[in-house]
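Please read the following explanation alongside the sequence and the coordinates. The account moves from open spaces to charged contacts, and then to selected parts of the chain.

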Amino acid sequence: MSALRVGVLAYPGCFASEVFGVPDLLTMATHVAGPDGSGYEVSIVSPRRRVAASGGTALGVSPLREVDVLVVPGFELLPGLDVDAKLAPLAPEIAAIRSHAAAGTAIVSICVGAFLLAEAGLLNRRQATTAWLLADELARRCPDADVRPERLVVTDTGVTTTAAFSAMYDFALELIRRHSGAGVARTTARVALVDDARSSQTPYVDARFLPQPGNEFSHKVMRQLDQNLAARYDLAALSDTFRVSTRTLQRRFADETGQSPLAYLQSSRVRRARHLLETTNRTVASISAAVGYGDPSTFAALFAKHTGRRPRDYRAAFRRLA
């Protein structure tokens, strides 16, 4: 077999250990397999000339190139942090992920790298996983995905997602198993002291760090709003869905999230509109209607308030980056 070409996508703020973890295990597998075994051609790639990983660690990167597998590492993300603010500067990387997927490259995310895949539109109608601590957030942001928080590694039609940090080794061992054989994978796991018999992240879940039960109500409301972005906002109907009064719904939602249901819906609509502006040639009027605004001028004003750019300017800026 020829060498498998593996590219790791480095970007500002990514975890350096997740950039090098998979390549290092593949290097070990190459030594285990010996000179007659199938090897791995690994490169650290980026659409940028310079990349500083987490902690300011400078990474040597190569330009984007054709690979068989593109690995997307995770980044520092804690519950409650603004995911949009984290992802907004990563438009070039998200475009690169989308471009590689369109070319037939197998895409793999490590830990919360899944959020970049979601932003690229790769998790829609696919099963996926991520760190158990942030699985609910991924499901909320990507309601069309089937998020499986108990799984360590999920592969669905060319897209692989993994659980937190050390799950990169579970993925790498599976990759070695498929490319170099079960014996090489098993020996590599022994040499590296990596557990090759894990099947679930459930034993690692610490309920103390999960969203408290008091937040379940707002999460359900968010999911309902996300699944009906184009529908007219009807507070009374929304309240009826959850069998509470409008006052109770607004109070409970605000207590748990610090904002109103309408404010959340607006930000979610803008997030969806950004994705459509970046990835399609649909007109602004069509996108406006798709996210629930019959009047494009009203939509444009709201979009500018949230992003600092009018929709056409946002699309032009993103296309230049891409």
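The lining of the second largest pocket consists of eight nonpolar, six polar and eight charged residues. The model is a predicted one, and in it this pocket holds about 520 Å³ of space. Of the 22 residues that line the second largest pocket, Arg141, Pro143, Asp144, Leu229 and Arg272 are the closest to its centre. The largest share, five residues, comes from H11.

The largest pocket may be described in the same terms. About 800 Å³ of space lies in the largest pocket. Its lining is made up of 32 residues, and those nearest its centre are Gly80, Glu137, Arg140, His219 and Met222. Two or more residues of this lining come from each of helix H2 (83-87), helix H5 (135-141), helix H8 (216-226), helix H10 (246-257) and helix H11 (261-279). By residue class, the lining of the largest pocket divides into 14 nonpolar, nine polar and nine charged residues. Such spaces can be located by calculation, because rolling a probe the size of a water molecule over the atoms shows where empty space is left.

An annotation covers part of the chain. In an unreviewed entry, UniProt lists residues 219-317 as "domain: HTH araC/xylS-type".

Charged contacts come next. A search of the whole structure finds 16 salt bridges. Among them is a contact between the side chains of Glu119 and Arg274, with an N to O distance of 3.7 Å. This pair links distant parts of the chain, since Glu119 lies in helix H4 and Arg274 in helix H11, 155 residues apart. Both Glu119 and Arg274 are buried. Glu119 and Arg274 also belong to a network of salt bridges that links Asp84, Glu119, Arg141, Arg271 and Arg274. Arg141, a member of this network, is also one of the residues closest to the centre of the second largest pocket.

A salt bridge also joins Arg5 and Glu66, whose closest N and O atoms are 3.8 Å apart. Arg5 lies in strand S1 (residues 4-9) and Glu66 in the loop between strand S5 (62-63) and strand S6 (69-72), so this contact ties together parts that are 61 residues apart in sequence. Arg5 has a relative accessible area of 27% and is therefore partly exposed. Glu66, at 61% relative accessibility, counts as exposed, because the exposed class begins over 50%.

The side chains of Arg251 and Asp255 meet in a further salt bridge, at 3.9 Å from N to O. Arg251 and Asp255 both lie in helix H10, four residues apart, which is about one turn of the helix. An α-helix has 3.6 residues a turn, so residues three or four places apart point the same way. Arg251 is partly exposed at 46% relative accessibility, whereas Asp255 is exposed at 58%.

To what extent is helix H6 enclosed by the rest of the structure? Of the 14 residues of H6, 10 are buried, so this helix is largely enclosed. The buried residues of H6 include Phe171, Leu173, Leu175 and Ile176, together with Asp170 and His179. Helix H6 (residues 167-180) reaches 19 Å from its first C-alpha to its last, close to the 20 Å expected at 1.5 Å a residue. Gly181 follows H6 and has a positive phi, near 105°.

Two separations along the chain complete the picture. Cys111 is placed in the loop between strand S7 (106-109) and H4. With 9% relative accessibility, Cys111 counts as buried, because the buried class lies under 20%. Cys111 and Ala164 are 53 residues apart along the chain, and their C-alpha atoms are separated by 4.2 Å. Thr57 occupies the loop between strand S3 (51-52) and strand S4 (58-59). Thr57 is partly exposed, with a relative accessible area of 38%. Between Thr57 and Leu249 there are 46 Å in space, C-alpha to C-alpha, and the two are 192 residues apart in sequence.

Key:
Residues are numbered from 1 along each chain as its sequence is written. This is a predicted model: local features need pLDDT of at least 70, side-chain atom pairs count only at pLDDT 80 or more; totals for chains, interfaces and linings use all residues. Side-chain values use heavy atoms; hydrogens and water are left out. UniProt positions are given in the numbering used here, feature names are shortened, and annotations may be inferred rather than shown by experiment. On a 1 Å grid over the protein atoms alone, a cavity is a set of points where a 1.4 Å probe fits but cannot get out, and a pocket is an open set with protein on both sides within 12 Å along at least five of seven lines; lining residues have an atom within 4 Å of a point. Grid points are joined across faces, edges and corners, and a volume is the space filled by probe spheres set on the points. Ala, Val, Leu, Ile, Met, Phe, Trp, Tyr, Cys and Pro count as nonpolar, Asp, Glu, Lys and Arg as charged, and the others, Gly among them, as polar. A salt bridge is a side-chain nitrogen of Lys or Arg within 4 Å of a carboxyl oxygen of Asp or Glu. Buried means under 20% relative accessible area, exposed over 50%, partly exposed in between (1.4 Å probe, protein chains only). The expected span of a helix is 1.5 Å times one less than its number of residues.
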